[in-house]
Amino acid sequence: MEQKQHCFDECVFIILGATGDLARRKLIPAIYKLIASGKLCRFALLGVSIDKTSMQEVVQQARQHIKSVDACVWERLQENLYYYQMDFHDAAAYQGLQRTIETIEQTHRIASNRLFYLATMPQHFAVITQNLGRHDIVHKHTASKKTVAGTWSRVVYEKPFGNSLKSARQINKAIARVFDEDQVFRIDHYLGKELVANIALARFTNRVFEPLWNNKHIDSVQIVLSEDFGIEGRGGFYDAYGTLKDVVQNHVLQIMALVAMEVPEKFTAHHLRDAKAQVLAKAKVGAAIFGQYDGYLQEKDVKPDSTTDTFTALKVLINNRRWRGVPFYLKAGKYLNKNEASVHIKFKMVKCLLDFCPMDSNYLTIKIQPNEGFYLELNVKAPGVFDQVVPVNMNFAHSTLFGPNTPEAYEVLLADVIKGDHFAFVRADEIDYSWKIIDRVEKSKGTVYPYAKGSAGPKEVSQLDKDREIRWRA
Ligand code: BG6
């Protein structure tokens, strides 16, 4: 028996771009997990794309990305699948889309709650949005005041959200004509990761952190998103974006905003997003180093003379009272020697009282992945010696305490959309500020230095900060 009180709102998921990588690898497995959790009780899944296929086929391809498949849950998914083939730029095809959704809602007797997931390239966002509005497939409403029937329409935009400030603004304009901001979910899946969601809470609920979180006590911050693999056959996409736009504009800047934000007035999505936006508004890039791994130009669908970055390092300064003078070093890249996403807060040195100096600074490392957790480096007395210290680690490994089965980011975020919760989604003004930062960097982009696969990136990264030496922690 279904436990109605635990069920999410019934709804139809409409994935636009259903035959793409994201749907197969992430979205369908996430929907499977939501069914398995028992919370997604009444639903249907409609895939939409230009390809001639069936949703059964698409879901079959997604199966390999689900860790262990339960036959009953799989059957539940299979019973609720639909596919509609269309060209997103063909206005007439939207009438057919509307009819298909209505038929599904009638067949399954599902209330008309519609969750649109735009898993497409951003150049399709505006045209899809306009047509959804124009053909009455969605209705504008606020969170508290839904449609006359009390149902909702929500829309999720996958990243990257545009490829420049100008394109992002055009998309946001199209969105504002059709949707209320309450209906819009700009996704950044890093915000759904357990340890990223932990940054603000850990900071604001621990007296041992919060009073020290400023330029009096913090020397510098590193935010690293290193990957030991390449572009995974996504040459066409990657060559147009590069690391700067693929992960820095979104994941890395969002993490920086969470680390650097002021205490929000209240812990609500609205206040949290205000606080993040204020950081992004005050951030200025002081220096940038770009790299490209050897062999990138031979990748499929990459231009033979491409200068696209597969490695980016930025020195960012946040011009406010809390952070003035504290560099934030951001680094991301493909085919590096590590596979790690982490934040490293370096505290200032204490005054040296001992003959044996200098000691090491304290470091707080927030490991986003792998080995999720908080790691604090302290100085303790070396055993058997009176006046020497050694650095030691105090570790909180998330999985040791809470078990290994924390939900995947997309599962968390899809559940949030069904609940109408905006905490882990990016608001239009944050997108605007991030693109302003990235556009400026791109305009002044200099040499793209080569680096060997499996290395720490181009050696020039050591010159990122002319004023001091950086000891990269990852
Ligand atoms: C995506 C980028 O947004 O994030 C990829 O497009 C990158 O290039 C990926 O590999 C990293 O996400 P995760 O969750 O695998 O660390």
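Me: Two strands pair if DSSP finds at least two bridges between them; strands (E, at least two residues) and helices (H or I, at least four) are DSSP runs, numbered from the N terminus. How many bridges join β7 to β10?

Reply: This is a predicted model, in which local features need pLDDT of at least 70 and side-chain atom pairs count only at pLDDT 80 or more, while totals for chains, interfaces and linings use all residues. Residues are numbered from 1 along each chain as its sequence is written, and side-chain values use heavy atoms, with hydrogens and water left out. Within β10, Ala-332 is the bridge partner of Leu-225. β7 and β10 run parallel, and the number of bridges joining them is 6.

Me: Which residue in β10 does Phe-311 stand opposite?

Reply: β9 is joined to β10 by 6 bridges, and these two strands run antiparallel. In β10, Phe-311 has opposite it Gly-333.

Me: How many residues of β10 are buried?

Reply: Buried means under 20% relative accessible area, exposed over 50%, and partly exposed in between (1.4 Å probe, protein chains only). Side chains in a regular strand alternate between the two faces of the sheet. On one side of β10, Phe-328, Leu-330 and Ala-332 are buried, and on the other so are Tyr-329, Lys-331 and Gly-333. The strand is mostly covered, with a buried count of 6 of 6.

Me: Which are the edge strands of the open sheet of 7 strands?

Reply: The order is β3-β2-β1-β4-β5-β6-β15, with mixed pairing. An edge strand here pairs on one side only, which holds for β3 (81-85) and β15.

Me: Is Arg-322 buried or exposed?

Reply: Arg-322 meets Glu-210 in a salt bridge (3.8 Å, N to O). Arg-322 lies in the loop between β9 (311-318) and β10 (328-333) and Glu-210 in the loop between α7 (194-204) and β7, so the pair ties together parts 112 residues apart in sequence. Glu-210 has a relative accessible area of 18% and is buried. Arg-322 has 14% relative accessibility, so it counts as buried.

Me: Where does Asp-274 lie?

Reply: The side chains of Asp-274 and Arg-427 meet in a salt bridge (2.7 Å, N to O). This pair links distant parts, 153 residues apart: Arg-427 is in the loop between β15 (425-426) and α12, and Asp-274 is in helix α9 (residues 269-282).

Me: In which helix is Arg-440 found?

Reply: Arg-440 gathers with Lys-282, Lys-284, Arg-321, Arg-324 and Lys-443 in a surface patch of positive charge; patch residues have over 30% relative accessible area and no salt bridge, like charges being joined within 9 Å and nonpolar side chains within 5 Å. Arg-440 counts as partly exposed because its relative accessibility is 44%. The helix that holds Arg-440 is α12 (residues 428-443).

Methods
Areas by Shrake-Rupley, 256 points an atom, 1.4 Å probe, with all protein chains shown as cover. Salt bridge = Lys/Arg side-chain N within 4 Å of Asp/Glu carboxyl O. Lys, Arg positive; Asp, Glu negative; His and termini not counted. Charge placed at Lys NZ, Arg CZ, Asp CG, Glu CD.
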